[in-house]
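Please keep the sequence and the structure in view while reading.

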Amino acid sequence: MNWVVLVGSVRKGSFNAALARALGGLAPDGVSIEILPSVAEMPIYDGDIEAAGFPGQVSAVGARILAADALIIVTAEYNYSIPGGLKNALDWLSRLKERPLKGKPTLIQSASPSTMGGARAQYHLRQVLVALDALVMNVPEVMVAQAHTKVADGALTDPATRDFVAGQLSAFHAFVRKAKAGEAAEA
Ligand code: FNR
């Protein structure tokens, strides 16, 4: 299985990017995980740009999500919501006629130095994903609180957090397999 990851922070030292990079080593056997290009590569959504043709970065990310078995979104929280760059990427992706997130098994994670771990951004993200008709797993949730104490040198080092994330990925694996089995039965 191939899962792809969209990261909702673009800074170099991002805790969320560190979490995203850890996923490959924590995923169940037989799952490969690839991080998608930065959301910073997409221009600000503009209907005039769309009318002239989708930017290559948008089409490329959309094609990779469409081809993947599942999507993981790892996001920072800005002012109780998702960062504008991630919202912009989702706005672009929602415009593709292939609708790459429609029915796509999707997992949400967040990391923040706060004690809330980005929980409020997760619930805003869930709301946006309703519009894109993504198939979002509800539980277990992963919110990495006090992320600055759990990441060192760009790596997720905290053993308890690594175990917790691995458990969520295992639950998500079952969720993805169930979704695919349902699709196969319908076909
Ligand atoms: C933040 N931060 C933040 N944290 C949080 O838990 N809730 C919040 O509402 C906000 N709001 C917020 C707004 C803005 C504009 C910035 C720049 C930051 C702090 C944020 O969690 C912190 O900067 C993280 O380090 C961002 O994630 P990355 O970049 O480390 O992945």
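The term pLDDT stands for the predictor's confidence in each residue, on a scale from 0 to 100. The model is predicted, and by this score helix α6, residues 159–186, has the lowest confidence in the chain, with a mean of 96, whereas strand β3, residues 70–75, has the highest, at 99. Over the chain the mean pLDDT is 98, and 100% of the residues reach 70 or more. For the complex, the predictor gives an ipTM of 0.99 and a pTM of 0.98.

Around the ligand there are 16 residues, of which Ser9, Ser14, Asn16, Ala76 and Ser114 come nearest. By class, the shell around the ligand divides into 7 nonpolar, 7 polar and 2 charged residues.

Helix α6, where confidence is lowest, also packs against helix α1, residues 15–26, at an angle of about 65°, with the two axes 10 Å apart. Because angles from 65 to 115 degrees count as roughly perpendicular, α1 is described as roughly perpendicular to α6. The crossing of these two helices, α1 and α6, is right-handed. On the side of α1 the contact is made by Ala22, Leu23 and Leu26, and on the side of α6 by Arg162, Val165, Ala166 and Leu169. The contact of α1 with α6 has 6 nonpolar residues, no polar residues and 1 charged residue.

Two details of the backbone remain. Val139 and Pro140 are joined by a cis peptide bond, with omega about 0°, and Pro140 is found in the loop between β5 (135–136) and β6 (142–144). Asp133, a residue other than glycine, has a positive phi, near 60°, and is found in the loop between α5 (119–131) and β5.

Key. Residues numbered from 1 in each chain as written. Predicted model: local features only at pLDDT ≥ 70, side-chain atom pairs only at ≥ 80, totals over all residues. Helix = DSSP H or I, 4+ residues; strand = E, 2+ residues; numbered from the N terminus. Near = placed C-beta within 6 Å. Nonpolar A, V, L, I, M, F, W, Y, C, P; charged D, E, K, R; others polar. Axes fitted to C-alpha atoms, helices over the stretch in contact; angles between N-to-C directions. Parallel < 35°, antiparallel > 145°, perpendicular 65-115°, else oblique. Left-handed = near helix turned anticlockwise from the far one by under 90°. Contact = placed C-beta atoms within 7 Å.
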